[in-house]
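User: I'd like to learn how to read helix packing and aromatic pairs in a model. Can you walk me through it?

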Amino acid sequence: MSFIKRLSLQKFRKNSSSPTKDSQQPQSQHVEQQEQLREDDIVIGSGNHGTSTTDMEPLPTPEKQTVLLLHAAKQPYQLTEDYPVPQLEGEHDVLVRTQAIGLNPIDWKAPDFNFAIPELPYISGRELAGEVAQTSRKESRFKPRDKVLAISTDYRDLRKAAYQQYVISFDYNTVRIPPSLSLEEGSTLGVAFVAAALSLGVCMGVDFSSILSGPDLFSLLRSSVPQESLAEDIRSECLDGIRSHERAKAGDWVAVWGGSSTSANLTIQLAKLAGLKVVTIVDKAKHGLRLSNHEVLKADLLVDSHDPERAVQIIRQNLKGKLRFGVDTRGRESATSLLHALSPDNIDSPPLPAGEAPPSPPGTPKEETLLGAHLIGLTGLPKQQAPEGTMFHTVPIKLFHEVPEVGGALCQWLERLLAEGLVKAPEIIDVEQGLGSINKGLDRMRRGEISGGKLVVRVAE
């Protein structure tokens, strides 16, 4: 862990846990103030017992703020002052004061390759942690000063972008951060968690209901979400991507190519919680020792990605046709290699030996005879058509912000996972300071200096 990271995390935890002057007052005075507090308490639902009037008041919010603006492709972001603070508009809006931002590869790839930029000037940034400043509803499950993680998968709404001092987040895309997690740690895992949960839960059909009452997204999309609320470009993936009998279950294998990325990190964690067996394909020279001894990321089979053909051979030799699920986090080339490692599984009874009569009466024929293979590409899929028996999947990420039933189920589940320590934040490689340092941080990512963890920018105390 770098000195800057240690210093920042120590400072945050010290500020969070150090006794204040008031806490050292005489016992009699302390008891008297406690009695006064109980008289003034306001109870709003079972989750807000003991919340005072002051705590419910919105934080003072300026009309103007500082943001980072992108004015053209292939240009650095520009620090801009006197930019309007986004306003609460809909009933689900929450205004969050940005304190820590997690940097993602798309933050530099989008301007460099001129994609996912719907308008100029543009504000980027997909995940942040901070404190709630205002809510649009008094009955919101959040209150001012709550420490939260805001996950912005809606890149078309600049109000939700992280590279600014104040951000709008939907309440069903917002996660309360437990006291055990720092703001820096909270800012590392939002988008990766959503991508992992949708990859496993929608594309692979994993049922998370046995893990702290997590969502069964396969069933949720078919029973509780109106089809017309699903955007046309993701409807087929959501409803027809995998059949019921093919759903991944405990004991099945899944291969994750690019196992050092943050998305892979959360995919592996959730897969292991669901009882899946994990093959991790990674650069062993860089990450092999760390992953082979990691508390939550240790794979059932760790394979070196240096020689992709050899990696495929090792997987096929070890799993002997038992690998039906693959998640690629790197790109088209590695997705193509991973495709060659997958094996659709014919579950019909083997052919009878010559001359042997079938059973009498014959067994009930099975409706389906093939368990298909499923390849999920987070950043790209093979150019070729999917072979017979294999399905290609893209993650329907917009489900998270367009369908409240899905976004809310995932965020409240993540709150429980974090509170119970069942999901761990990715490693923080370093912490930069201030909005103005984001360009420097993105340059470090361009040069490949950030690998196996997350670069975070601390914006405010």
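Predicted model: local features only at pLDDT ≥ 70, side-chain atom pairs only at ≥ 80, totals over all residues.

User: Which residues of α6 meet α9?

Analyst: From α6 you have Ala192, Phe193, Ala196, Ala197 and Leu200, and they meet Thr262, Ser263, Leu266, Thr267, Leu270 and Ala271 in α9. Sorted by class, this contact has 8 nonpolar, 3 polar and no charged residues.

User: And how are α6 and α9 oriented to each other?

Analyst: Helix α6 (residues 190-203) and helix α9 (residues 262-273) pack at about 50°, and their axes are 8 Å apart. Angles from 65 to 115 degrees would count as roughly perpendicular and those under 35 as roughly parallel, so α6 and α9 are oblique to each other. Their crossing is right-handed.

User: OK, on to the rings. How many aromatic pairs are there?

Analyst: A pair of aromatic rings is described by the distance of the centres and the angle of the planes. The count here is 4 aromatic pairs. Take Tyr77 and Tyr163: the centres are 5.5 Å apart and the planes sit at 80°, so this pair is edge-to-face. Tyr77 is in the loop between β1 and β2, Tyr163 in the loop between β5 and β6, so the pair ties together parts 86 residues apart in sequence.

User: Is Tyr77 buried or exposed?

Analyst: Tyr77 is buried, at 4% relative accessible area, and Tyr163 is buried too, at 0%. Then there's Phe170 with Tyr172: with centres 5.2 Å apart and planes at 35°, that pair is tilted.

User: Which residues do ring pairs link into a cluster?

Analyst: Phe193, Phe208 and Trp413.

Methods
Residues numbered from 1 in each chain as written. Heavy atoms only, no water. Axes fitted to C-alpha atoms, helices over the stretch in contact; angles between N-to-C directions. Helix = DSSP H or I, 4+ residues; strand = E, 2+ residues; numbered from the N terminus. Parallel < 35°, antiparallel > 145°, perpendicular 65-115°, else oblique. Left-handed = near helix turned anticlockwise from the far one by under 90°. Contact = heavy atoms within 4.5 Å. Nonpolar A, V, L, I, M, F, W, Y, C, P; charged D, E, K, R; others polar. Phe/Tyr/Trp six-rings, centres within 6.5 Å; stacked < 30°, edge-to-face > 60°. Buried < 20%, exposed > 50% of the residue type's maximum accessible area, 1.4 Å probe, protein only.
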